[in-house]
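This report is written for a reader who is meeting a protein model for the first time. Please keep the sequence and the structure in view while reading.

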Amino acid sequence: MSSRQEEKPKDINTSGSSALEALGFDAWFAEQSAGLLEDGFAIARVIEVNKSNYKVSTGRHDILAELSGRFLFNVDNRTELPTVGDWVVVQCFDEDGLAIIHHILPRKSLLRRKDPGKAVAFQLIAANIDFAFIVQSADANFNLHRLERYLVMVHESKIAPMVILSKTDLLPAEQLAGIQEQVKPYQDKYPFLAISNVTGDGLQKVREVLQSGKTYCLLGSSGVGKTTLLNNLLGEALYEVNAVREKDSRGRHTTSKRQLVRLPDGSIFIDTPGMRELGNFNVDAGLEETFDEIASLQGQCHFADCTHRHEAGCAVIAAVQQGLIDHERYQNYLKIQKESAYYAMSYQDKRKKDKQFGKMVKDYKKSIRKK
Ligand SMILES: Nc1nc2c(ncn2[C@@H]2O[C@H](COP(=O)(O)OP(=O)(O)OP(=O)(O)O)[C@@H](O)[C@H]2O)c(=O)[nH]1
Ligand SMILES: [Mg+2]
Ligand SMILES: [Zn+2]
């Protein structure tokens, strides 16, 4: 998966090959591709999304590809377009021309976020991720609320989260111990790794949790050290990193492209640009997993549709009052719940509008035909 283009693809039909398996292909995806592989078609994984084309890998070759006309014609929203990590069915040509993407295989998982610019639209982050490393740095960036928001998003996407506390070299031991104390409840649920890219502390622990053929992504604010960590794991400075702005310890969004890369140990990584805003969407399942102490009381409230905000006989409010549920966690639960309700609603509004627009176009076409 180097960026250089290797010799022309000869072994076009690579389904089931070990080269594809090394990229994360498995029996489930093979099943999904049944019937889609016509003569001259091959399976490949999207390793880079560019403005006007895609870079895909067959495990043996990296090829530039673009969408077929029919594919484009049938797309009606952005989530149907390929993103990094997607498995696609491509048609390769012997000439140096672009390969053509004909199909996307169904996704095992899809990481997306609300597009900050639009009311309700989604940016795809990556597809077919097995594990997400949520990275926060031990200095000014560490924030439990943010961690919970990431956890909700990752759970919702059906991805297994792991938490990384980076830049441990920047804090004196007693402050680090304070953070460790705060994250104790999480340590029981998720792998929790404290690392320093500078001293190398904890990096071996990260290497030990990595599995060959599994796909990992790095999530977290800009400047927390995601790319530096990836370079360290790769053993070479393949990707650019940038100093954090002194004043507010915020990064400058060094990583602007999402790319899929394979580590020497066989695990597969997708680095992502730091995110300013985390949009959640229909996060019910993710909420319940992230706040399971709250979810477990669900059935004990007086009203079946209790929102746990103000209702009489609410078991959650009672547990908060008795100190059984952490007050801050409860507040954050309410906040995320409210946001998700808002997004779900505006999504439906938008669907309604889309339908109205579709009807308008139809009516217009009809009226033209009549003339
Ligand atoms: N002290 C210290 N600095 C680190 C550590 N890891 C990374 N840095 C520095 O933090 C800055 C940002 O690192 P990046 O790896 O570019 O951060 P990023 O998370 O990839 O940022 P974006 O690509 O913008 O999302 C660089 O100057 C790194 O050298 C660490 O463990 N300790
Ligand atoms: Mg980066
Ligand atoms: Zn309740």
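The sections below describe the chain as a whole, then some of its parts.

## Basis of the model

This is a predicted model, in which local features need pLDDT of at least 70 and side-chain atom pairs count only at pLDDT 80 or more, while totals for chains, interfaces and linings use all residues. Residues are numbered from 1 along each chain as its sequence is written, and chains are lettered from A and ligands numbered from 1 in the order in which they are written.

The term pLDDT denotes the predictor's confidence in each residue, from 0 to 100. The chain averages a pLDDT of 80, and 75% of the residues score at least 70. Over residues 1-16, pLDDT stays under 50, and the model has 32 contacts beyond four places in sequence for them. Residues 244-252 also have a pLDDT below 50, with 17 contacts beyond near neighbours in sequence. Where pLDDT is low, the predicted coordinates should not be read in detail.

## Overall composition

The chain contains twelve helices and 13 strands. These are DSSP runs numbered from the N terminus: helices are H or I with at least four residues, and strands are E with at least two. Of the 371 residues, 35% count as buried. A residue is buried if 20 or more other C-beta atoms lie within 10 Å of its own, exposed if 12 or fewer, and partly exposed in between, with C-beta atoms placed from the backbone.

Two residues are in contact if their C-beta atoms, placed from the backbone, lie within 7 Å. Among contacts between residues at least 6 apart in sequence, 66% join residues at least 24 apart.

Strand β11 (residues 215-219) is largely enclosed by the rest of the structure, because five of its five residues are buried. In a regular strand the side chains alternate between the two faces of the sheet. Both faces of β11 are covered, with Thr215, Cys217 and Leu219 on one side and Tyr216 and Leu218 on the other.

Strands pair if DSSP finds at least two bridges between them. β11 pairs in the parallel sense with β8 (residues 131-137) over four bridges, and four bridges also join β11 to β13 (residues 268-271), again in parallel. Tyrosine 216 stands opposite phenylalanine 131 and opposite phenylalanine 269 in β13.

## Helix α8

Which residues of helix α8 (residues 226-234) are buried? They are Lys226, Thr227, Leu229, Leu230 and Leu233. They cover an arc of only 155° around the axis, which puts them on the same side of α8; the arc is that of the directions from the helix axis to the C-beta atoms. Among the elements that cover these buried residues are β8, β9, α7, β11 and β13. Just after α8, glycine 235 takes a positive phi of about 80°.

## The nonpolar core

A nonpolar core is a set of buried Ala, Val, Leu, Ile, Met, Phe, Trp, Tyr and Cys residues joined through C-beta atoms within 7 Å. The largest has 70 residues, and those with the most contacts inside it are Val56, Val88, Val90, Ile134 and Cys217. Its largest share, seven residues, comes from strand β1 (residues 41-49). Leaving aside neighbours within four places in sequence, valine 90 is in contact with residues including Phe41, Val56 and Ile101.

## A buried loop residue

Phenylalanine 291 lies in the loop between α9 (284-290) and α10 (292-295). Phenylalanine 291 is buried, with 22 other C-beta atoms within 10 Å. Not counting residues up to four places away in sequence, phenylalanine 291 touches Arg329 and Tyr333.
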